[in-house]
Amino acid sequence: ACFDVRHYTLQLDIRPKTREIEGQLSMRADATAKTSTIRLDLENTLQVRSVTVDGKAADFRHENDKIQIPVALDTGSSFQVEVKYGGKPRVAPRPPWSGGFTWKQTKAGLPWIATTCQGEGADIWWPCKDHPSDKPDGMDLHISVPARLYCATNGKLVSNTKKAGKRHFHWRVSTPISNYCVALNIAPYKVL
């Protein structure tokens, strides 16, 4: 409760062949109370590669599904945290009731991927302050997928580009959103 999230930027590379993700989360926030530690949520099935605070490498501990970052902040100060992470996210055992990633295939054998996390929370696939009381004012999602696929997610599509066998999508959410409502839907969709 010592900080208020203003904005998230999530960059995520989806790797259907290995059922892995690799990404970076940037969070802009304001301290609402003096603190010596920032805590983000991320399930331990994913590995934290590095953390920076205001562009400087920061110490961290990732255990019990929490990322603890020692940083001294005064009330009213603004800061930015970046977390690089990746690995094999939890597979949804019974979507949508039991959340995680769904890795399926179309009848033609192409990937069909979706996320569900309304019950468990978004921290099963991206680092965040996973509490419904703190909605960011907006969010940018930069999602990379194999070139034959299309990523539909929250917000308005800003760009859709192809490069080096990948398709890169930028979606922008310009209103407050609960973390657990952010969802990826990836398949060889046709745009109508």
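1. The second largest pocket holds about 160 Å³ of space. A pocket here is an open set of points on a 1 Å grid over the protein atoms alone, where a 1.4 Å probe fits, with protein on both sides within 12 Å along at least five of seven lines. The volume is the space filled by probe spheres set on the points, which are joined across faces, edges and corners. A1, C2, F3, R39, D41, K129, D130 and H131 line this pocket; lining residues have an atom within 4 Å of a point. By class, its lining has three nonpolar, one polar and four charged residues. Ala, Val, Leu, Ile, Met, Phe, Trp, Tyr, Cys and Pro count as nonpolar, Asp, Glu, Lys and Arg as charged, and the others, Gly among them, as polar.

2. A word on the basis. This is a predicted model, in which local features need pLDDT of at least 70, side-chain atom pairs count only at pLDDT 80 or more, and totals for chains, interfaces and linings use all residues. Residues are numbered from 1 along each chain as its sequence is written, and side-chain values use heavy atoms, with hydrogens and water left out.

3. The largest pocket has about 260 Å³ of space. Of its 14 lining residues, P16, K17, Q105, P111 and P146 are the closest to its centre. β9 (100-105) and β10 (111-116) are the elements that give two or more residues to the lining. β9 provides the largest share, three residues. Seven lining residues are nonpolar, two polar and five charged. Strands are DSSP runs of E, at least two residues, numbered from the N terminus.

4. Next, the pairing of β1. Strand β1 (residues 3-15) runs antiparallel to strand β2 (residues 20-31), over twelve bridges. Two strands pair if DSSP finds at least two bridges between them. Q11 has Q24 as its bridge partner in β2. Four residues lie between the strands of this hairpin, where R19 takes a positive phi near 55°. β1 also pairs with strand β11 (residues 138-146), in the parallel sense and over seven bridges. There, L10 has L141 as its bridge partner.

5. Which residues touch the most other members of the largest nonpolar core? They are I14, M27, W125 and W126, in a core of 51 residues. β1 gives the most to this core, six residues. A nonpolar core is a set of buried Ala, Val, Leu, Ile, Met, Phe, Trp, Tyr and Cys residues joined through side-chain atoms within 4.5 Å. Buried means under 20% relative accessible area, exposed over 50%, and partly exposed in between, with a 1.4 Å probe and protein chains only.

6. Not counting residues up to four places away in sequence, W125 touches L10, L12, I21, L42, L46, Y85, F101, T115, C117, V182 and L184. Contact means heavy atoms within 4.5 Å.

7. Check the backbone in the loops. A cis peptide bond joins P95 and P96, with omega about 0°. P96 sits in the loop between β8 (78-87) and β9.

8. D54 is not a glycine, yet has a positive phi of about 50°. It lies in the loop between β4 (46-53) and β5 (56-57). D54 counts as partly exposed because its relative accessibility is 47%. N64, not a glycine either, has a positive phi of about 50°. N64 is in the loop between β6 (61-63) and β7 (66-73). At 64% relative accessibility, N64 counts as exposed.
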